[in-house]
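Subject: Structure for your files

Hello,

I am passing on a structure that you have not worked with before.

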Amino acid sequence: MLADLTAGAVADAEARRLERPFASLEKVALARPSAVDALAALAPADRVKIIAEVKRASPSRGDLAAIPDPAHQASLYETGGASAISVLTEARRFKGSLADLEAVREAVRVPVLRKDFIATEYQVLEARAAGADLVLLIVAALEQDLLHRLHDLTVQLGMTPLVETHSAAEVDRAADLGARLVGVNARDLSTFELDKDLFGRLAPRLPADVVKIAESAVLAPADVAHYRRAGADVVLVGEALVTGDPVATLTAFLQADAAESSSTERSGA
């Protein structure tokens, strides 16, 4: 599944490249205002931070929400306390687009992540040209040399790479890369099965100065608290926000973490 998704995303990018050559896209990317500092926005704090996702569909769940106005959806996320916004730009299975990302970038002040199956320099340039502040790089989809090149290009363009992992070996590869922002995805991208405890097993392998992000399997406040107890600095939330009231859901998620933190502090006192 991951190989198919990546191949499809690359093919779609190559089709766009016929309309907008690399040199032309590079000029647009370099003319963009500086990216928002995502590392500062997502830095560890005394409360969990949330990346809220604009997500219409997924291969595992099918259609989730129409989201006719992604900019409005993202504005609600910002109002609800999200520290960053993730925008699915993959078109075939997630029904997203770069136009969604551009609209969101214009609507919010927090950092915006291009979440897609990135495997070429052209796609990284597309992200910056559309206004992305972060780019998702999935370790399982990339050989280490290519991962290094895409990571370095992302940084050179002023953006922050979010390096996504699914296993101990991938976490070690992210650490060797020098990644500052590392996600552990509870969803196996081969089988699409979920393992909510995967984050807790893998996070201790990461260097202390890495911002640790828990991804997937977040449907209720208890899930946020679970990841926070396991050491997550940030939790990425998608489905729960597009299928319900996003402001109320974000408020409940953040309050759950506050209650968990207060309980921990009282226990340690």
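The notes below cover the barrel, one glutamate and the aromatic pairs.

This is a predicted model, in which local features need pLDDT of at least 70 and side-chain atom pairs count only at pLDDT 80 or more, while totals for chains, interfaces and linings use all residues. Residues are numbered from 1 along each chain as its sequence is written, and side-chain values use heavy atoms, with hydrogens and water left out.

The barrel

Eight strands form a closed barrel in the order S1-S4-S5-S6-S7-S8-S9-S10, with parallel pairing. Helices (H or I, at least four residues) and strands (E, at least two) are DSSP runs, numbered from the N terminus; two strands pair if DSSP finds at least two bridges between them. On average, neighbouring strands of this sheet are turned by 25° against each other, direction ignored. Axes are lines fitted to C-alpha atoms, for helices over the stretch in contact, and angles run from 0 to 180 degrees between N-to-C directions.

Strand S8 (residues 181–185) runs parallel to strand S9 (residues 211–215), and five bridges join them. Val184 has Ala214 in S9 as its bridge partner. Helix H8 (residues 168–177) packs on the sheet, where it touches S7 (160–165) and S8; contact means heavy atoms within 4.5 Å. The direction of H8 makes about 155° with that of S7.

Glu126

Glu126 is in helix H6 (residues 121–129). Is Glu126 buried or exposed? Its relative accessible area is 5%, so Glu126 is buried (under 20% is buried, over 50% exposed, in between partly exposed; 1.4 Å probe, protein chains only). Leaving aside residues up to four places away in sequence, Glu126 touches Ala13, Arg16, Leu25, Leu98 and Arg114.

Aromatic pairs

There are three aromatic pairs in the structure. Rings of Phe, Tyr and Trp (its six-membered ring) pair if their centres lie within 6.5 Å; planes under 30 degrees apart are stacked, over 60 edge-to-face and the rest tilted.

One of them is Phe22 with Tyr122: the centres are 6.3 Å apart and the planes at 50°, so the pair is tilted. Because Phe22 lies in helix H2 (residues 22–31) and Tyr122 in H6, the pair ties together parts 100 residues apart in sequence. Phe22 is partly exposed at 27% relative accessibility, whereas Tyr122 is buried at 2%.

Phe94 and Phe117 also form a tilted pair, because their ring centres are 5.9 Å apart and their planes at 40°. Both are buried, Phe94 at 9% and Phe117 at 8%.

Regards
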